[in-house]
Amino acid sequence: MTMTQPGARPANPRFSSGPCAKPPTHDLTALADAPLGRSHRAAVGKAKLKKAIEDTREILGVPDDYRIGIVPASDTGAYEMAMWSLLGERPAEMVAWESFGAGWVTDVAKQLKIEHTVHTAEYGEIVDMAALNYDNDVCFTWNGTTSGVRMPNGDAIPTDRAGLTLCDATSAAFAMDLPWDKLDVTTFSWQKVLGGEAAHGMLILSPRAVERLENYTPPWPMPKIFRLTKGGKLIEGIFVGETINTPSMLAVEDYLFSLEWARSVGGLQGLIARASANAAAISAFVETHDWIANLATDPATQSTTSVCLKFTDDRIKDGAAFAKAVAKRLADEDVALDIGAYRDAPPGLRIWCGGTVETSDIEAMLPWLDWAFQAEIKAQ
């Protein structure tokens, strides 16, 4: 057993699953045009916000008749805004295969208290989406950020469904193909795949979702920050940059930079290719090391962004302590930061592979993972 440290180091050791690595060409001077000290309702502010929406539509290929809005409180705020505004008209199918999906179940069961059915799968597995009742509203995550399990496609979702589909796509948008005709509500945050700044969420509504908003009023009180309609009509201003609350124009400028960078690497398909290459590098490593495995059991559902790994060596006495020790050793060497598994997930590692991460950095980090594993095994 060799304990010699690898020679090469990642140029960027940031593999956090949120906030995620900035684009490789990011520089603070790119934010110089941010209209700081100006009202977000001034012409310059509204123009920036509108451009963020338009560029999002262009790069993601969102249909022209879908609304895109910038809302507060990151992906969580966007998804809860959708649930509180849209659910209750019919029963809900609540789908969870990791902690964030489980959180949406809690909202419906304990806060909104509407009729619902819960469908769950263990970490590493996925719910059979074909078994759901799509006459009901369906709430699910596209990519389980804390389990590394993703939807392989949207084939199970019928186009002639009666209910709405509400998709939390925060670690999938800009890294995976999202079938817009199968999604009525889609949410994500800037700090995931594009490495933007936190606190802002994106809410994308299909025409069917808008129709529900304008023809259904939930029975519970609606906080101002969640209100999407007025007088039975959609507040259209939200979807052209007239935000409900005050956005950070510095964060908006940063998002605009990230969108322009995304365009420079080939747009959505370029970003998908970058994430896929990163995940493939980890898969190749896993295949040649018998002490580690992907938490997702089916290769078709393995995430290409939040790649979750588990240690499988029988010599490991305490899985949680071992995984934390490996992550700490790598962080102390400044070769892999923030890669511990999510607190509610099984013990292991979680390595972000979204498009802002360079494959060369993944490849430089992996020999260090081998070194850290061997060092911790010897230390037991």
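Is Arg-227 buried, partly exposed or exposed? Arg-227 is partly exposed, at a relative accessible area of 42%. The legends below refer to a predicted model.

**Figure 1. Overall view of the protein chain in the predicted model.** The chain contains eight helices and 14 strands. Its radius of gyration is 21 Å, close to the 21 Å that the globule rule gives for 380 residues, so the chain is as compact as a globular protein of that length. Along the principal axes, the C-alpha atoms fill a box of roughly 70 × 50 × 30 Å. Of the 380 residues, 57% count as buried.

**Figure 2. Positive surface patch that includes Arg-227.** The patch is formed by Arg-41, Lys-46, Lys-224 and Arg-227. Arg-227 sits in the loop that runs between helix H4 (207-215) and strand E10 (229-230).

**Figure 3. Cis peptide bond between Gly-18 and Pro-19.** Omega at this bond is about -10°. Pro-19 belongs to the segment before helix H1 (43-60). Most peptide bonds are trans.

Figure 4. Most residues other than glycine have a negative phi. With 2% relative accessibility, Phe-174 counts as buried. Asp-338 is exposed, with a relative accessible area of 56%.

**Figure 5. Salt bridge between Lys-48 and Glu-253.** The closest N and O atoms of the pair are 3.0 Å apart. Lys-48 is in helix H1 and Glu-253 in helix H5 (residues 249-264), so the pair ties together parts that are 205 residues apart in sequence. Lys-48 and Glu-253 are both buried. The structure holds 19 salt bridges.

**Figure 6. Salt bridge between Arg-208 and Asp-184.** The N to O distance is 2.9 Å. Arg-208 lies in helix H4 and Asp-184 in the loop between E7 and E8, so the bridge ties together parts 24 residues apart in sequence. Arg-208 counts as partly exposed at 27% relative accessibility, whereas Asp-184 is buried at 1%.

**Figure 7. Salt bridge between Glu-358 and Arg-274.** The side chains meet at 3.1 Å, N to O. Glu-358, in the loop between E14 and helix H8 (359-379), and Arg-274, in helix H6 (residues 267-287), are 84 residues apart. Glu-358 is partly exposed, with a relative accessible area of 29%.

**Figure 8. Salt-bridge network.** Lys-51, Asp-55, Glu-58, Glu-260 and Arg-263 are linked in this network.

Key:
Residues numbered from 1 in each chain as written. Predicted model: local features only at pLDDT ≥ 70, side-chain atom pairs only at ≥ 80, totals over all residues. Heavy atoms only, no water. Patch = residues over 30% accessible without salt bridge, like charges linked within 9 Å, V, L, I, M, F, W, Y side chains within 5 Å. Areas by Shrake-Rupley, 256 points an atom, 1.4 Å probe, with all protein chains shown as cover. Salt bridge = Lys/Arg side-chain N within 4 Å of Asp/Glu carboxyl O. Lys, Arg positive; Asp, Glu negative; His and termini not counted. Charge placed at Lys NZ, Arg CZ, Asp CG, Glu CD. Helix = DSSP H or I, 4+ residues; strand = E, 2+ residues; numbered from the N terminus. Buried < 20%, exposed > 50% of the residue type's maximum accessible area, 1.4 Å probe, protein only. Rg over C-alpha atoms; globule rule 2.2 N^0.38 Å.
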